[in-house]
Amino acid sequence: MKLPRAVCLHLSGNTSSWDSSYGTSSPESTPLASRSGSEQRQEAAGGGQKNRKQPEPREKQLLQLSIQDGTMGKSASKQFAEEVLRAHNDYRKKHGVPSLKLCKKLNREAQQYSEALASTRILKHSPESSSGKCGENLAWASYDQSGSEVADRWYNEIKSYNFQSPGFSSGTGHFTAMVWKNTKKMGVGKAAASDGSTFVVARYEPAGNIVNPGHYEQNVLPPRK
């Protein structure tokens with residue numbers, strides 16, 4: 001009996017990284033369908049490799065069928081996007097930073113990229129985020145993950161963040177992207193793959209996780225007591 005699995009990746013400035021408590025190989029180069037383990041979550045906040053394994057012909061057929069029957073390629077619902085936004089702003093309020101607003105352009109681009117990820121079932125960052133045009137958090141799960149669940153997993157990285165020594169860390173990039181003070185707007189996308197797993201993309205402008213001196217001190221504030 002297979003149990004639910006989930007994974008996350010995050011973009012952090014010009015540094016690429018990934019964090020998973022349940023895997024041993026990078027999700028940016030490993031087809032998720034081939035990964036094993038009783039439970040797996042991947043959240044991503046780093047740039048990915050350019051090379052990507054293409055689906056086999058049989059996979060392509062399954063993807064086409066799933067698109068036709070409506071199980072893949074659906075836009076992230078307004079309710080889902082607002083749930084992700086609300087969770088972000090609840091957390092941002094704790095840190096005394098301004099609320100984010102949903103952006104139609106970022107929503108559209110995030111949705112397009114989530115569908116691209118679902119078509120290959122490989123978790124990796126977009127060229128736009130890797131070049132610094134936007135911030136980006138990614139999440140994958142073997143089930144239909146909720147917006148609040150995704151946001152909670154990202155924010156829980158605060159447990160590993162050292163406010164006494166602020167800066168980038170591969171294990172806290174999702175959290176810092178969420179509460180980055182200078183970020184003003186975000187977009188959300190979610191798509192289902194042919195195997196029923198889901199990919200979530202959050203994009204941020206202006207991008208956070210800037211590694212230049214002083215930026216973390218100014219933008220990642222400790223929670224208010």
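Is Glu136 buried or exposed? Glu136 counts as buried because its relative accessibility is 0%, where buried means under 20% relative accessible area, exposed over 50% and partly exposed in between (1.4 Å probe, protein chains only).

1. Ground rules. This is a predicted model, in which local features need pLDDT of at least 70 and side-chain atom pairs count only at pLDDT 80 or more, while totals for chains, interfaces and linings use all residues. Residues are numbered from 1 along each chain as its sequence is written, and side-chain values use heavy atoms, with hydrogens and water left out.

2. Confidence. The protein chain has an average pLDDT (the predictor's confidence in each residue, from 0 to 100) of 77, and 66% of the residues score at least 70. In residues 11-40 the pLDDT is below 50, yet the model gives this stretch 101 contacts beyond near neighbours in sequence (contact means heavy atoms within 4.5 Å). Residues 46-74 also stay under 50, with 57 contacts beyond four places in sequence.

3. The strands around S7. Helices (H or I, at least four residues) and strands (E, at least two) are DSSP runs, numbered from the N terminus; two strands pair if DSSP finds at least two bridges between them. S7 (residues 198-205) runs antiparallel to S5, with 7 bridges, and antiparallel to S6 (residues 185-192), with 8 bridges. Thr198 in S7 stands opposite Ala141 and also opposite Ala192. Of the 8 residues in S7, 8 are buried. Between S6 and S7 the hairpin has 5 residues, and Gly196 takes a positive phi near 90°.

4. Charges under cover. A salt bridge here is a side-chain nitrogen of Lys or Arg within 4 Å of a carboxyl oxygen of Asp or Glu, and the count comes to 8. Glu136 and Arg203 form one of 3.0 Å, linking S5 to S7 across 67 residues. Arg203 is buried too, because its relative accessibility is 2%.

5. A pair with a loop partner. Asp144 and Lys190 meet in a salt bridge of 2.7 Å. Asp144 sits in the loop between S5 and helix H5 (147-155) and Lys190 in S6, so the pair ties together parts 46 residues apart in sequence. Asp144 is exposed at 55% relative accessibility, whereas Lys190 is buried at 15%.

6. Asn137. This residue of S5 (residues 135-141) is buried because its relative accessibility is 0%. Its side chain reaches the backbone oxygen of His174 at 3.4 Å, and a polar contact of 3.3 Å joins the side chains of Asn137 and Tyr204. A polar contact is a pair of N or O atoms within 3.5 Å; within protein, one must be able to donate a hydrogen and the other to accept it, and residues adjacent in sequence count only if both atoms are side-chain atoms.
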